[in-house]
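Dear colleague,

Please find the structure below, together with its sequence. A short account of the findings follows it.

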Amino acid sequence: MARPSVLVTRRWPEAVEAQLAERYDVELNRADRPLNAQEFREAIQRYDAVLPTVTDKLGSEALDVPQAQTKILANYGVGYTHIDMETAKSHGMAVTNTPDVLSECTADLAMTLMLMVARRAGDGERELRAGDWSGWRPTHLVGTKVSGKTLGIIGFGRIGQEMAKRAHFGFGMRIVVFNRSPVKPEVLAKFNAVQVPTLEELLPECDFVSLHCPGGAGNAKMINSARLDLMKPDAYLINTARGEVVDEHALAQALMFETIGGAALDVFEREPHINPTLAQCDNLVMLPHLGSATTEARQAMGFRVLDNLNDFFDGKEPRDCVS
């Protein structure tokens, strides 16, 4: 009996690729470059399963093909707003994701960004590498304290709660939460956190605001000019969620005119293209989408995809089915 054919759209950790090849007829994208819509259309007509990543564009143009052979899109990542779910459903395709396994590492990176922007680590790194450091002095690259400050967390799922754990227990921070549904009292109590009903109530209270909400049309440009205006003039915004959640033009204006203290971003609206105005802002720290970039997390994500594939081809409901 022929093994199911599988396309892996980008290179994955070697250990995961090796296990995939043990059970499936695997085609790897050895060039490790993004596929375009036409290449995806051809793949959908050729492979039993396609394994995309969160940066692949799988809109209707890529998925709406006659006689689609693909029956499962086993996504490498938690978010799936890059997949046109209605088109996938119309062709009978299951869609899965990889929850749970990257929460800790993404929260670690959010903390990294918060500390970097608060303590002006990016400025210091650039100064040293340029050979411009003239030595210690009392007024040099003075940042702000993190310990004991108020952190607003927007989106209190797994990653948001991991962020709260680090901030509250590690840095004694007060936690204020906005979430689209009520958070159980016992969950809030773990971090001595308070849930507020609106962003408009959260933003003026916080010294730091960290985004951990889903992407998609419903949250597009959630952080806009009006909401940035509600932040304290010395507050900082951290985004490890999705690029589209922040209006980058409005953020650039806030940074350039210093109506907020600074920002730190791991995700961007048009990755890998960076808004050139943002790139000019010295009070901004930027990283290239590294939230899950640890050996442990990236391998765990791949093995979670493999679990979903095995479930599907064994005739079971995949454990992480989102459609």
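In which strand is the place of Asn-239? The residue belongs to strand S10, which covers residues 236-239. Please note that the model is a predicted one.

Is Asn-239 buried or exposed? Its relative accessibility is 0%, and because buried means under 20%, Asn-239 counts as buried. A polar atom of the Asn-239 side chain lies 2.9 Å from the backbone nitrogen of Ala-241. When neighbours within four places in sequence are left aside, Asn-239 is in contact with Leu-113, Leu-211 and Val-246, and also with Ala-264, Leu-265, Asp-266 and Val-267.

As to the protein as a whole, 13 helices and 12 strands are present. The radius of gyration is 21 Å, which agrees with the value near 20 Å that a compact globule of 323 residues would have. The C-alpha trace spans about 70 × 50 × 35 Å along its principal axes.

Of the 323 residues, 50% count as buried. Contacts between residues at least 6 apart in sequence were also examined: 62% of them join residues at least 24 apart.

With kind regards

Key
Residues are numbered from 1 along each chain as its sequence is written. This is a predicted model: local features need pLDDT of at least 70, side-chain atom pairs count only at pLDDT 80 or more; totals for chains, interfaces and linings use all residues. Side-chain values use heavy atoms; hydrogens and water are left out. Helices (H or I, at least four residues) and strands (E, at least two) are DSSP runs, numbered from the N terminus. The radius of gyration is taken over C-alpha atoms; the globule rule is 2.2 Å times the number of residues to the power 0.38. Buried means under 20% relative accessible area, exposed over 50%, partly exposed in between (1.4 Å probe, protein chains only). Contact means heavy atoms within 4.5 Å. A polar contact is a pair of N or O atoms within 3.5 Å; within protein, one must be able to donate a hydrogen and the other to accept it, and residues adjacent in sequence count only if both atoms are side-chain atoms.
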